[in-house]
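I opened my notebook to look up how the parts of this chain are arranged and linked. Here are my entries, in the order I made them.

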Amino acid sequence: MVTPHKPDFKSKWAMVVTVNDLNDSKRDDLKDFGEWFIETLRLEGAFIGHYFNYEKTPVTIVETVPNNFESCTNAYQKIHKEHPQVVLVVHILPQTQSHEYEWMKVLASRYGFVRQGILYENCVNRFENVDTDQNSIFRNMCQWIYRSGTAIVRNEGNSCGILHGKEAKPTFEKVLFNSEDIKDAVFKVLHREQDPRGAEMENIVKVSGYPEMLNAFGIAQLLSPYRVNGVSITGSQSAVVTLENKFHVYQAVQEFNGKNIDRNHKLEVVSNVISSPAVPVEGSPSFESKQHIANLMGKLKVSS
């Protein structure tokens, strides 16, 4: 089957609403505000060089009971569990100095979200009653979201350093506290290997050129609909992604390498083993024949 054309990649976001006396009229206005907010964020971000490409509407809107920590916690848990692709959570707060403001900071950090709190009254009047001009407000938000996203991707504060080399000044490398990064570091330092070995090698692609703020879920979403079994971030804009099998690797490289994500980011998806199949077939054209591989992949094309 032929894969249908997929739209350009857009990040998913969610909204948490904590509003007193919430009714249908207020819900409708908040939906309109969400579209207006994301579009304004995109325009102001582009003006200062931060290019945001979010979906027009939130993937989910979760309502919470005001002044109720359990309700607030359940909202963030729900988003984390049911929508793992979400990076940004916009929390509509009931009033200044509310408990929800402090809870938002704790829960966003716990579940790995970039958070942005907005007072409900500013949603209603679209920031018209705020002393600071609207452009400055949104540009400050853009800078905060960009820095927060970068910190999540780099996993700042959750890493360790390793020294290796025989020279007087050994090489220093920073690795994250997770099994994949530690395993990669061991192979790199002890065995001087840069890539996975054996069967793993056939199933990986190296992905780079994507927006710096993407986390592992965002990187995996770039390769949809191909099943991603693992993502190991190797730099601010580079990662090694493990796919289901070598056929998906071939298709992903053909489909996504060189794709423009936006006007500032061009995706690079490469593999070291596309033209090196493990078993030749007797009496058939060589597997090194690009035409033969193309015909084979056409029959095995993944559908979404």
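**Entry 1: helices on the sheet.** I began with α1. I found that α1 lies across β1, β2, β3 and β4. Its direction is at about 140 degrees to β1. I noted that the model is a predicted one. Next I looked up helix α3, residues 99-111. Helix α3 lies across β3 and β4, and runs at about 170 degrees to β4.

**Entry 2: the sheet.** In what order do the strands of the open sheet stand? I read off β2-β1-β3-β4, 4 strands with parallel pairing. Which strands stand at the edges? They are β2 and β4 (114-119). Each has a single partner strand, so one side of each has no neighbour in the sheet. I also noted the twist, which averages 20 degrees from one strand to the next.

Strand β1 (residues 12-17) and strand β3 (residues 86-93) run parallel and are joined by 6 bridges. I picked out Ala 14 and found that its bridge partner in β3 is Val 89.

**Entry 3: salt bridges.** How many salt bridges are there? I have 10 in my notes.

I looked at Glu 63 and Arg 27 among them. Their closest N and O atoms are 2.6 Å apart. The two residues sit in distant parts of the chain, 36 residues apart. Glu 63 is in strand β2 (residues 61-63), and Arg 27 is in helix α1 (residues 24-47). Glu 63 is partly exposed, at 40% relative accessibility. Arg 27 is also listed as partly exposed, at 29%.

I turned to Lys 56 and Glu 35. This salt bridge has its closest N and O atoms 3.8 Å apart. Lys 56 lies in the loop between α1 and β2, while Glu 35 lies in helix α1, so the pair ties together parts 21 residues apart in sequence. Is Lys 56 buried or exposed? Lys 56 has 55% relative accessibility, so it counts as exposed, because exposed means over 50%. Glu 35, at 31%, counts as partly exposed.

Entry 4: Glu 39 forms a salt bridge with Arg 42, with the closest N and O atoms 2.6 Å apart. Both residues lie in helix α1, 3 residues apart, or about one turn of the helix. I noted Glu 39 as partly exposed at 36%. Arg 42 is partly exposed at 34%.

Key
Residues numbered from 1 in each chain as written. Predicted model: local features only at pLDDT ≥ 70, side-chain atom pairs only at ≥ 80, totals over all residues. Heavy atoms only, no water. Salt bridge = Lys/Arg side-chain N within 4 Å of Asp/Glu carboxyl O. Buried < 20%, exposed > 50% of the residue type's maximum accessible area, 1.4 Å probe, protein only. Pairing = 2+ DSSP bridges. Axes fitted to C-alpha atoms, helices over the stretch in contact; angles between N-to-C directions. Contact = heavy atoms within 4.5 Å.
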